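Let's take a walk through this fold, starting from a loop and working through the sheet and the helices. Keep the structure open as you read.

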Amino acid sequence: MTAIIALSTAPDVDSARHIAAALLEKRLAACVQIVPAIESLYRWDNAVQRDTEYQLVIKTTAAASERAREALSQLHPYDVPQWLTIDSVSGSEAYLHWLHSEVADTK
């Protein structure tokens, strides 16, 4: 068994919690960690931007990853929400078993 880790950011803790709760309720993730108050520097609208954001570390499966991305896109306040995946993450058998048991891998 393998896992997918997806990374996204949110502009505030309420948005981050809303997205995390929805992904968990829809069983598109087994766990979402919210890392508070990261500083992000990025280019947007031809200028360098600097914001405080909240990092979401989303633990899901390959089968649910695309549906999780679609759900996040619908819930997210950004025009272009971050969705970067780290594919085929290996881990302890017990943890991966738990993760797969919590994510609905079928539509």
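## Two loops with positive phi

Start at Arg 27, which sits in the loop between helix 1 and strand 2; helices (H or I, at least four residues) and strands (E, at least two) here are DSSP runs, numbered from the N terminus. Phi of Arg 27 is near 60 degrees, a positive value in a residue other than glycine. Its relative accessible area is 36%, so Arg 27 is partly exposed; buried means under 20%, exposed over 50%, and partly exposed in between (1.4 Å probe, protein chains only).

Now hop to Asn 46, in the loop between strand 2 and strand 3. Asn 46 also has a positive phi, near 60 degrees, and is a residue other than glycine. With 75% relative accessibility, Asn 46 counts as exposed.

## What you're looking at

This is a predicted model, where local features need pLDDT of at least 70 and side-chain atom pairs count only at pLDDT 80 or more, while totals for chains, interfaces and linings use all residues. Residues are numbered from 1 along each chain as its sequence is written, and side-chain values use heavy atoms, with hydrogens and water left out.

Four strands make an open sheet in the order 2-3-1-4, with antiparallel pairing; two strands pair if DSSP finds at least two bridges between them. Strand 2 (31–44) and strand 4 (84–89) are at the edges with a single partner strand each, so one side of each has no neighbour in the sheet. From one strand to the next, the twist averages 25 degrees; axes are lines fitted to C-alpha atoms, for helices over the stretch in contact, and angles run from 0 to 180 degrees between N-to-C directions.

Going through the pairings, strand 2 and strand 3 (residues 47–60) are antiparallel, with twelve bridges. Here Ile 38 stands opposite Glu 53 in strand 3. Strand 1 and strand 3 pair in the antiparallel sense over seven bridges, and Ile 4 has Thr 60 in strand 3 as its bridge partner. Strand 1 and strand 4 run antiparallel too, joined by four bridges, with Ala 6 partnered by Thr 85 in strand 4. Strand 1 has six of its eight residues buried, so it is largely enclosed by the rest of the structure.

How long is helix 1 from end to end? Its end C-alpha atoms are 18 Å apart, which agrees with the 18 Å that its 13 residues should span at 1.5 Å a residue (the expected span being 1.5 Å times one less than the number of residues).

The buried residues of helix 1 are Ser 15, Ala 16, Ile 19, Ala 20, Ala 22 and Leu 23. Looking down the axis of helix 1, these buried residues fall within an arc of 165 degrees, so they line one face of the helix; the arc is that of the directions from the helix axis to the C-beta atoms. They pack against strand 1, strand 2, strand 3 and helix 2 (62–75), with contact meaning heavy atoms within 4.5 Å. Over on the other side of helix 1, Asp 14, Arg 17 and Glu 25 are exposed.

Helix 3 (residues 93–102) lies across strand 1, strand 2, strand 3 and strand 4, at about 95 degrees to strand 3.

Searching the whole structure turns up one aromatic pair. Tyr 95 and Trp 98 form this tilted pair, at 5.3 Å centre to centre and with 50 degrees between the planes. For the cut-offs, rings of Phe, Tyr and Trp (its six-membered ring) pair if their centres lie within 6.5 Å; planes under 30 degrees apart count as stacked, over 60 as edge-to-face and the rest as tilted. Tyr 95 and Trp 98 are three residues apart in helix 3, so about one helical turn separates them. Tyr 95 is partly exposed at a relative accessible area of 34%, and Trp 98 is partly exposed at 34%.

## Around helix 2

Thr 61 is in the loop between strand 3 and helix 2, and at 1% relative accessibility it counts as buried. Leaving aside neighbours within four places in sequence, Thr 61 is in contact with Ile 4, Leu 99, His 100, Val 103 and Asp 105.

Glu 66 lies in helix 2 and is partly exposed, at 41% relative accessibility. The C-alpha atoms of Glu 66 and Ile 38 are separated by 26 Å, with the two residues 28 apart along the chain.
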